[in-house]
Amino acid sequence: MSRSLRHLDTDTFDLYYLHRVDPAVPVEETVGAMAELVRSGKVRHIGLSEASAATIRRAHAVHPVTAVQSELSLFSRDLLANGVKAALDELGIGLVALSPLGRGFLSGAIRSVDDLDPDDGRRALPRFSADSIAANLALVDRVRAIAEARGAAPGQVALAWVAAQGAVPIPGTKRRAYLEENARAAGVELTAAELGALEGAVPTGAVSGARDTEEGLALTDR
């Protein structure tokens with residue numbers, strides 16, 4: 001911790017995440033240690049990542065959890081159905097949505113596996129197999145049509161959908177043009193009709209391929 005603070009030239013972290021819940025360690029123990037960092041002044045707020053509703057409740061009982069980071073997009077909506085979002089709303093915990101563009105799919109820039117660099121880790125994900133990409137392009141094109149009717153980029157509409165769920169999206173990109181495009185999504189407020197159209201365009205269960213490898217999913221607390 002001290003080395004991290006020194007490297008970042010700061011005295012305090014505003015938000016300190018437990019990025020994966022260790023099934024071998026009671027979350028109460030881990031959050032208790034994180035609470036000590038708050039009391040010492042090294043951390044202001046604590047967060048969890050990819051945690052189940054039950055784990056979030058147990059952690060929050062030890063020390064207030066400020067934010068939970070989990071994957072949420074039109075392509076990955078599990079936490080809306082598995083009780084996680086409901087628990088966050090009940091406890092007053094913020095939701096930070098990672099991969100809000102479906103790991104890049106919903107930007108509209110990926111049309112085949114060849115659009116990914118040879119060393120791109122997404123090539124190992126089931127959702128990015130050649131067959132899954134081909135199947136999922138139909139869903140992306142439906143989102144694109146809704147975006148075009150709105151006069152926005154598909155990625156902007158996808159980010160606006162995440163924001164409409166009460167989450168803070170954190171899209172990642174290596175290109176400045178996409179960074180600026182994503183930032184403009186903050187000005188896109190979807191109507192009830194547009195939200196309904198998006199739900200119909202990407203029905204629950206329609207996406208082909210798992211969002212992560214079996215090994216990756218095994219690290220998610222469910």
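Tutor: In this predicted model, the chain holds 10 helices and five strands. Its radius of gyration is 19 Å, close to the 17 Å that the globule rule gives for 222 residues, so the chain is as compact as a globular protein of that length. The C-alpha trace spans about 50 × 40 × 35 Å along its principal axes, and buried residues account for 43% of the 222 residues. Of the contacts between residues at least 6 apart in sequence, 71% join residues at least 24 apart.

Against that background, consider helix α9, which covers residues 192-201. Its buried residues are E194, L198 and A201. Seen down the axis of α9, these buried residues fall within an arc of 60°, so they line one face of the helix. The general rule behind such a pattern is that an α-helix has 3.6 residues a turn, so residues three or four places apart point the same way. On the other side of α9, A192 and A193 are exposed, where exposed means over 50% relative accessible area and buried means under 20%. The cover over the buried residues of α9 includes two other helices, α6 (130-150) and α7 (154-164).

A further helix, α8 (residues 176-183), gives the most to the lining of the largest pocket, with three residues. That pocket contains about 680 Å³ of space. Its lining comprises 23 residues, and G104, R122, G172, T173 and R175 lie nearest the centre.

Conventions:
Residues are numbered from 1 along each chain as its sequence is written. This is a predicted model: local features need pLDDT of at least 70, side-chain atom pairs count only at pLDDT 80 or more; totals for chains, interfaces and linings use all residues. Side-chain values use heavy atoms; hydrogens and water are left out. Buried means under 20% relative accessible area, exposed over 50%, partly exposed in between (1.4 Å probe, protein chains only). Helices (H or I, at least four residues) and strands (E, at least two) are DSSP runs, numbered from the N terminus. The arc is that of the directions from the helix axis to the C-beta atoms. Contact means heavy atoms within 4.5 Å. On a 1 Å grid over the protein atoms alone, a cavity is a set of points where a 1.4 Å probe fits but cannot get out, and a pocket is an open set with protein on both sides within 12 Å along at least five of seven lines; lining residues have an atom within 4 Å of a point. Grid points are joined across faces, edges and corners, and a volume is the space filled by probe spheres set on the points. The radius of gyration is taken over C-alpha atoms; the globule rule is 2.2 Å times the number of residues to the power 0.38.
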